Amino acid sequence: MIDRPSVTRARQDRRAALRAGGGLGLLGALAAIGLLHPSAVRAEWTRAGFDAKSVAQALSDAGLGGAADSEQIQLEAPEIAENGAVVPVRVSCGLARVDRIAILVEKNPTILSSVFELPEGTEPSLVTRVKMAETCRVIAAVRSESKVFLASKEVKVTLGGCGG
């Protein structure tokens, strides 16, 4: 007699392995024919900005100092987040030659949440999720043509989404 849960589990494991292998195979094939360059997929991490104790210091350490508010940056986040562990954030803008977008969460232990480097010609738009310790401002910093622009939005973190 065949144990059905173990057969189902084996199928799931096999499918997961095939999906992972297929993705790696595709990346290898693209690199082999010259459509994907290793430098394009390499992630560089620097500690600068992530140890900052203020928004101004985080911006300065991340190479985004001297920022000014801008109406051209669209920052979308919920007014009330019922789960501070996964708060959706969308940043987009109409500025030319954007090469860096950063997201900061004002009252988090680590204020600088993320920094995205955008290759030339990339549409300056991204969607991510941030973790929020408490109600505070979420700030988007965008560098365009060596100038830095900001947009911010207050997000209220509640328990159960009741607004209390």
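Visitor: Let us begin with paired strands: which residue is the bridge partner of Val91 in S7?

Guide: As a general idea, strands of a sheet pair through backbone hydrogen bonds, and the pairing is either parallel or antiparallel. In this model, which is a predicted one, the bridge partner of Val91 in S7 is Leu126. Strand S4, made of residues 87-93, pairs with S7 in the antiparallel sense, and 6 bridges are found between the two.

Visitor: What is the order of the strands in this open sheet?

Guide: The open sheet has 3 strands in the order S2-S4-S7, with antiparallel pairing. Strand S2 (73-76) and strand S7 (125-130) are the edge strands, since each of them pairs on one side only. From one strand to the next, the twist averages 15°.

Visitor: Which residues does Val91 contact, if neighbours within four places in sequence are left aside?

Guide: With those neighbours left aside, the contacts of Val91 include Ile73, Leu75, Ile101, Ile103, Leu126, Ala140 and Val142.

Visitor: Then how should I read a nonpolar core, and which of the 24 residues in the largest one touch the most other members?

Guide: In soluble globular proteins, nonpolar side chains tend to be buried together. Here the largest nonpolar core has 24 residues, and those that touch the most other members are Ile73, Val89, Val91, Met132 and Val142. At least two residues of this core come from each of S2, S4, S5, S7, S8 and S9. Another core, of 15 residues, lies apart from it, and Phe50, Leu59, Ala102 and Ala141 are among its members.

Visitor: How many of the 8 residues of S5 are buried?

Guide: In S5, 7 of the 8 residues are buried, so this strand is largely enclosed by the rest of the structure. S5 runs antiparallel to S8, to which 7 bridges join it, and S5 also runs antiparallel to strand S6 (residues 112-117), with 5 bridges between them. Ile101 shows both pairings, for it stands opposite Val142 in S8 and opposite Phe116 in S6.

Visitor: How far apart are the closest N and O atoms in the salt bridge of Asp99 with Arg143?

Guide: Those atoms are 3.0 Å apart. The pair links distant parts of the chain, with Asp99 in strand S5 and Arg143 in strand S8, 44 residues apart. Asp99 is partly exposed, its relative accessible area being 28%, whereas Arg143, at 18% relative accessibility, counts as buried.

Visitor: What should I notice about the backbone angle phi at Arg97?

Guide: Arg97 has a positive phi of about 50° although it is not a glycine. This residue lies in the loop between S4 and strand S5 (98-105). Ser146 is a further case, with a positive phi of about 70° although it is not a glycine, and its place is in the loop between strand S8 (136-144) and strand S9 (147-157).

Visitor: Are Arg97, Ser146 and Ser144 buried or exposed?

Guide: Since exposed means over 50% relative accessible area and buried means under 20%, each value can be read directly. Arg97 is exposed at 64%, and Ser146 is exposed at 72%. Ser144, which has its place in strand S8, is buried, with a relative accessible area of 4%. Not counting residues up to four places away in sequence, Ser144 touches Leu95, Ala96, Arg97, Val98 and Phe149.

Conventions: Residues numbered from 1 in each chain as written. Predicted model: local features only at pLDDT ≥ 70, side-chain atom pairs only at ≥ 80, totals over all residues. Heavy atoms only, no water. Pairing = 2+ DSSP bridges. Helix = DSSP H or I, 4+ residues; strand = E, 2+ residues; numbered from the N terminus. Axes fitted to C-alpha atoms, helices over the stretch in contact; angles between N-to-C directions. Buried < 20%, exposed > 50% of the residue type's maximum accessible area, 1.4 Å probe, protein only. Contact = heavy atoms within 4.5 Å. Core = buried A, V, L, I, M, F, W, Y, C linked by side-chain atoms within 4.5 Å. Salt bridge = Lys/Arg side-chain N within 4 Å of Asp/Glu carboxyl O.
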